[in-house]
Amino acid sequence: MCWLLAAWLSLCAGVSRKTVNTVLRCLHFIITTIVTLIYISLQTSGHRLATATPMVNIPKDIRTVYKHTQLDPELIRIFCCPSCFTQYPADSTLRKCTWRKSPKSKPCNTDMWTSRHTKTGLKSIPKCLYTTQGLGSWLKFFLNRPKIDECLSQAFFKLQNPNPIYQDKMCDIQESPAWQSLRGFLTSKYHLVFAVYIDWFNPYTNKIAGKVVSCGAIILYCLNLPPEIRFLPENVFIIGMMPAPHSPTIWTISHILVSFQRAIAEFDLPGKIIPTHSHPGGITVAIRIIPLIADLQAIRKVAGFLSHAAGLFCSFCNCHRDDIEDLDYNSWQMRDGATVRAQAAEWKNLVTVTAKETLARQTGVRWTPMHDFSYWNPTKHVVLGFMHNFLEGVLAYQLRALWGIGRTKEMVKKIAQILDDESNSSVDTEEYIQESQDLENEAEQASQHGSATGLTEDFNDMDVDDIGEESINYDEERDPTPTPQLFIPLDDGEDEMDEDFVPQDIETAFNFTPDQLGNIRNCIQYVLLPASSDRPPRNLGEASHGKLKAHELLILFTVILPLVIPELWWRGNETEIRRLQSFCDLVVATNVICAYSTSNVEADIYMDHFVKYRVSIQELYPGFSSMPNHHYAMHGGDQLKFWGPLALLSEFPGERMNGNFGQVKTNKHLGDMELTMVQKSACKGRLEGLLHDNQFTNPATQKLAKILEPRDVFAFMSTPETMTGSQIAMALSDGEPLSKTHYAILVKYMNNSGREYKSAYTNSRYPSGTLILPTRAKCHSQIPFNNTTFSCTKSHEGQSHIQFYIPGGFGGTWETGYIEAIWELPLEGIKQCFLLVRKHQALSPAQNLKSPYHHFPCSLLKTKLVREAPSDHIYILEPRHIITHLSVYKRPKGTYGIQSDMLAICWALNRGRR
């Protein structure tokens with residue numbers, strides 16, 4: 001137990017190693033002292049003890065705990081070049097990197113070794129080590145967990161026995177055409193399909209001394225697991241951490257991916273023998289990587305496509321950059337996986353950089369080790385992350401560039417650069433700056449030897465294979481001969497901005513009036529939201545709040561702005577009505593692309609409204625060109641139809657992992673930092689797996705595990721525990737008496753739902769075995785349900801307003817209201833929860849006709865108006881009837897000409913979950 005406590009303090013509570021070691025020594029001393037005193041007491045009382053005082057086996061160093069509890073992962077460190085990441089054997093004595101882009105190119109020539117002072121003196125050590133984790137070792141841990149084994153069995157059964165009732169609706173990738181296409185591989189529950197997530201992050205969280213540092217995580221998610229546990233740290237495999245301080249380029253990323261590809265390929269069919277919970281002697285386990293989840297920058301690098309600065313910029317279709325405003329999606333020529341693989345192989349086989357760049361400019365494709373997976377389709381098996389593309393791309397562009405909230409004259413171009421692609425990270429920005437500085441240095445050096453003409457001549461005399469990727473213009477030329485351009489770092493850098501993006505007069509571009517912006521800010525400040533929703537900054541549009549996070553943008557556009565934007569434009573002029581229509585189309589598309597369930601019909605709805613939205617912004621915001629993000633988002637419909645709901649294949653879990661990496665306490669030394677992040681994160685994942693599984697043989701250790709980790713992450717798989725007689729008696733004694741009115745309503749609900757309970761207040765004598773409803777209940781201020789908290793209105797008003805299914809209603813009919821009370825009663829040996837909900841009072845028919853939400857297009861916003869005054873209608877609900885929280889904005893009498901105090905309520909927080 002002491003070992004478990006110490007590991008939890010170190011890994012979960014964030015206690016330093018020094019402090020944990022002190023705790024271990026204290027525990028050793030205390031327990032040893034107690035055992036010794038007990039031993040002496042027994043001897044003094046005349047007991048004859050055969051042995052000496054027993055030894056207490058508590059280690060004095062937390063690292064010993066990790067080792068003996070099998071929390072330590074198998075880590076592999078690969079000797080590599082700090083500049084290009086070329087990997088070398090561990091016993092290599094090479095002093096400088098010898099990698100070349102081509103046989104004629106200059107070598108990398110980076111120093112591979114440095115010196116470090118140690119206790120034994122100065123020691124030569126590698127400058128850079130790439131940290132990976134042993135896949136076989138992790139699979140043994142993962143597959144030996146009984147609950148994981150059970151989940152894999154259920155997923156395999158579900159694949160073999162699909163439910164025809166839900167074939168039109170997809171709630172997970174396991175219900176999608178993508179999963180069905182893998183039937184030939186999924187012939188065993190131990191044939192596992194993983195998604196790979198790749199992203200770069202700043203391990204220092206913020207810039208330190210003006211420098212930007214980049215680490216890159218390669219993470220695997222097992223898609224055979226149910227969504228409820230798929231992204232928990234204990235079920236996520238960190239296969240590698242790319243070394244800091246800079247991210248690899250489109251050339252050098254292959255040096256990182258080669259070891260990743262080899263590790264996965266070892267487990268391709270026929271697989272390898274691994275012991276599992278059901279097969280301790282071992283059984284064949286096979287693995288395949290199918291979806292690549294990433295932002296646009298990572299997709300380009302990892303999948304081998306060019307940036308949007310190139311002519312053929314899109315990884316899904318062959319549209320040219322000049323045709324970015326083309327909205328006739330059905331006329332687009334889609335890329336074919338086999339063709340892309342052939343183009344990549346041709347690129348790989350070329351000898352010179354010039355030839356490779358010429359071909360890449362023609363096809364938009366390069367080779368990467370991902371193409372060595374024979375089953376991996378470079379066009380089909382790429383998931384466009386909607387977090388970066390749609391939220392931080394399309395929505396942020398609408399907010400800042402088109403609406404002008406945060407737009408200034410000086411930053412108009414910068415807005416497009418920031419919002420373009422994946423809202424380019426600080427890592428991209430630094431790489432671009434460095435490229436520009438290098439080119440400026442070259443130009444300065446050349447100018448010292450002659451005129452600009454001389455510089456061009458010198459440049460043209462260079463060996464073309466020495467020209468880096470940054471020096472090639474990938475824009476499609478009418479002249480088929482590639483011309484090196486000294487000053488345009490297009491590929492893998494920022495987008496070359498079109499001059500027509502900037503309006504001729506920025507002052508004539510659209511802006512909200514001060515009053516309108518004030519109304520939006522008031523809504524943000526006073527709207528009632530559940531605590532789990534990130535409220536956007538109340539000073540929206542001011543520079544002090546910084547860049548909005550993806551989730552803040554989602555909340556702003558889907559559950560806050562629908563409450564206030566109609567007030568600004570509903571009775572406006574023709575242009576304002578058109579702006580309102582455009583906004584509604586954008587909100588509908590956002591709700592669909594971010595939903596947790598989808599269908600082919602929903603995908604078509606998304607495309608219909610997103611195309612209408614793009615048509616509208618071309619008309620309403622002249623002078624603002626579409627960004628590549630708008631084009632990429634046009635592929636969202638096909639992505640939904642193939643993968644199912646993209647919310648379960650988004651970047652959000654990976655971003656949370658990046659945040660966890662940043663919270664790991666390290667020495668901040670480059671080279672050591674990546675190792676510590678992987679080691680501590682993997683150890684923590686294994687510990688949380690042990691705590692959640694709670695398979696300890698010692699009952700006392702089981703109780704301690706529940707104290708350290710009270711969450712039951714497998715509750716969705718289990719049935720409620722049956723209470724003992726004493727537990728029932730204690731629950732009733734701790735409860736409060738229900739009022740007779742509430743009691744009668746509860747009895748009526750129980751009987752209407754098919755459970756025959758009699759009232760305790762009648763004078764009738766009931767036969768033995770008759771169920772009598774208890775008159776006392778434990779009152780709660782809040783309850784958890786589906787990882788969300790719901791509260792009584794007196795406890796947290798923002799968490800009390802809900803959308804719910806009407807008990808016994810036909811066809812999933814629903815209503816809205818707020819929670820007045822929450823009761824817990826022991827019924828038939830099971831704790832059961834009931835909610836007293838007061839229904840919102842509807843507007844009168846005449847008032848409803850004045851509501852914009854009663855009419856198109858505002859009827860698309862998942863919003864309506866109700867009276868603020870409470871109604872007389874109440875419902876008894878169980879948690880299973882709850883659909884979602886509501887966002888609620890109180891509106892005064894006279895709004896929309898309606899002479900009642902009202903609530904504007906929106907149920908878009910559901911996002912298709914229920």
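Is cysteine 319 buried or exposed? Cysteine 319 has a relative accessibility of 7%, and because buried means under 20%, cysteine 319 counts as buried. The structure discussed here is a predicted model.

A disulfide is a covalent bond between the sulfur atoms of two cysteines. A search of the whole structure finds 0 disulfides. Cysteine 314 takes part in none, and the nearest cysteine sulfur to its own belongs to cysteine 317, 3.7 Å away. For cysteine 319 the closest cysteine sulfur is again in cysteine 317, at 3.5 Å, which is too far for a bond, because a disulfide needs the two sulfur atoms within 2.5 Å. Cysteine 314 counts as buried, since its relative accessibility is 0%.

The start of the chain comes next. Helix 1 is mostly covered, with 8 of its 10 residues buried. These are Cys2, Trp3, Leu4, Ala6, Ala7, Leu9, Ser10 and Leu11. What do the buried residues of helix 1 pack against? Their partners are helix 2 (17–44), helix 3 (62–68), helix 23 and helix 24 (699–708).

The pairing with helix 23 can be described in detail. Two packed helices are described by the angle between their axes and the distance between the axes. Helix 1, residues 2–11, packs on helix 23, residues 673–693, at an angle of about 135°, and the axes are 10 Å apart. The two helices are therefore oblique to each other, and their crossing is left-handed. On the side of helix 1, the contact is made by Leu4, Ala7, Trp8 and Leu11; on the side of helix 23, by Lys680, Cys683, Lys684, Leu687 and Leu691. Of the residues in this contact, 7 are nonpolar, 2 are charged and none is polar.

Helix 12 (residues 386–402) and helix 17 (residues 550–569) cross at roughly 60°, and their axes come within 9 Å. That angle makes helix 12 oblique to helix 17. This crossing is left-handed. Helix 12 contributes Met387, Leu391, Glu392, Leu395, Ala396, Gln398 and Leu399 to the contact, while helix 17 contributes Ala550, Leu553, Leu554, Leu556 and Phe557. The contact of helix 12 with helix 17 divides into 10 nonpolar residues, 1 polar and 1 charged.

Some details of the backbone remain. Most residues other than glycine have a negative phi, and most peptide bonds are trans. Glutamine 70 is not a glycine, yet its phi is positive, about 60°. Glutamine 70 sits in the loop between helix 3 and strand 1 (75–80), and its relative accessible area of 63% means that it is exposed. Phenylalanine 85 also has a positive phi, near 65°, in a residue other than glycine. Its place is in the loop between strand 1 and strand 2 (87–88). Is phenylalanine 85 buried or exposed? With a relative accessible area of 0%, phenylalanine 85 is buried.

Cis peptide bonds occur too. One joins leucine 269 and proline 270, with omega about 10°; proline 270 is in the loop between helix 8 (253–265) and strand 9 (272–274). Another runs from phenylalanine 856 to proline 857, with omega near 5°. Proline 857 is found in the loop between helix 27 (845–850) and strand 20 (863–867).

At 32% relative accessibility, glutamine 180 counts as partly exposed.

Definitions and conventions: Residues numbered from 1 in each chain as written. Predicted model: local features only at pLDDT ≥ 70, side-chain atom pairs only at ≥ 80, totals over all residues. Heavy atoms only, no water. Axes fitted to C-alpha atoms, helices over the stretch in contact; angles between N-to-C directions. Helix = DSSP H or I, 4+ residues; strand = E, 2+ residues; numbered from the N terminus. Parallel < 35°, antiparallel > 145°, perpendicular 65-115°, else oblique. Left-handed = near helix turned anticlockwise from the far one by under 90°. Contact = heavy atoms within 4.5 Å. Nonpolar A, V, L, I, M, F, W, Y, C, P; charged D, E, K, R; others polar. Buried < 20%, exposed > 50% of the residue type's maximum accessible area, 1.4 Å probe, protein only.
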